[in-house]
Amino acid sequence: METSKKEVLAKILEIIIMILYFALGIFTIICVGCKFEATRIFVGIVILLTSIPFLLCFLKEIKDKFPRYLFPILFVITIVVGFLCIFTEIDIGIILVLWGAVEIIRGAYEINHAFNVAESISLKIAETIVGVLEIVFAILLMFKQLGGIPGHLICIGITCIILGGQQLLSLIAENIKK
């Protein structure tokens with residue numbers, strides 16, 4: 001019975017996250033010209049949002065070969081980085097490097113999940129593409145190869161939209177399976 005409550009909570013959080021990813025992605029792309037302070041706070045909010053799936057992966061009974069102990073560690077790291085970004089004057093370059101490192105691990109998880117857990121071919125393809133794009137975008141963020149803050153924001157917005165699409169496909173695939 002306890003697992004059922006966790007699964008319901010996880011499903012509700014997945015839907016909320018999906019909607020937030022799409023909304024934040026679109027908002028980020030539209031508001032590229034915002035002030036730096038607002039941008040830093042906004043990036044912090046996006047980073048905090050990206051921490052929730054790590055908690056969900058830990059709560060779900062996922063049977064794959066990815067080390068489960070990484071999920072709570074990544075959850076804590078992204079929470080700390082998000083709060084640092086919002087409440088301190090930490091350099092945005094440091095934030096992007098830390099967040100990029102976490103996103104590389106998330107991308108590796110997506111690829112691992114695609115090959116070891118995903119049942120439908122469309123979900124395997126979608127998760128592999130999302131994993132590869134996350135790794136590529138993370139590397140671009142980390143090495144500042146996007147033409148300054150506007151380029152970074154567009155990259156973050158695209159990543160959020162991609163993650164929202166991946167959440168949507170995942171939810172559809174789970175419902176079709178049942």
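What is the handedness of the crossing of helix 4 and helix 5? It is left-handed, and the term means that the near helix is turned anticlockwise from the far one by less than a right angle, clockwise being right-handed.

## Ground rules

This is a predicted model, where local features need pLDDT of at least 70 and side-chain atom pairs count only at pLDDT 80 or more, while totals for chains, interfaces and linings use all residues. Residues are numbered from 1 along each chain as its sequence is written, and side-chain values use heavy atoms, with hydrogens and water left out.

## Overall make-up

The chain has 6 helices and 0 strands, so in DSSP terms we're counting runs of H or I of at least four residues as helices and E runs of at least two as strands, numbered from the N terminus. Along the sequence that reads α-α-α-α-α-α. Of its 178 residues, 43% count as buried (under 20% relative accessible area; exposed is over 50%, partly exposed in between, with a 1.4 Å probe and protein chains only).

Two packed helices are described by the angle between their axes and the distance between the axes. Here the axes are lines fitted to C-alpha atoms, for helices over the stretch in contact, and angles run from 0 to 180 degrees between N-to-C directions.

Start with helix 3 (residues 70-87) and helix 4 (residues 92-116): their axes come within 10 Å and cross at roughly 155°. That angle makes the two helices roughly antiparallel (over 145 degrees; under 35 is roughly parallel, 65 to 115 roughly perpendicular, the rest oblique). Helix 3 passes helix 4 in a left-handed crossing.

Now for helix 4 and helix 5 (residues 121-142), which pack at about 165° with axes 8 Å apart. Because of that angle, helix 4 is roughly antiparallel to helix 5. In helix 5 you'll find L140, partly exposed at 27% relative accessibility.

V8, I12, I16 and L20 make a nonpolar surface patch of about 330 Å². Patch members have over 30% relative accessible area and no salt bridge, with nonpolar side chains (Val, Leu, Ile, Met, Phe, Trp, Tyr) joined within 5 Å and like charges within 9 Å. A salt bridge is a side-chain nitrogen of Lys or Arg within 4 Å of a carboxyl oxygen of Asp or Glu, and areas come from the Shrake-Rupley method with a 1.4 Å probe, only the protein chains shown counting as cover for residues.

I12 sits in helix 1 (residues 2-30) and is partly exposed at 46%. L20 is in helix 1 too, partly exposed at 36%; its C-alpha is 8.1 Å from that of L49, 29 residues away along the chain. T28, also in helix 1, is buried at 2% relative accessible area. T28 and C160 are 132 residues apart in sequence, yet 8.9 Å apart C-alpha to C-alpha.
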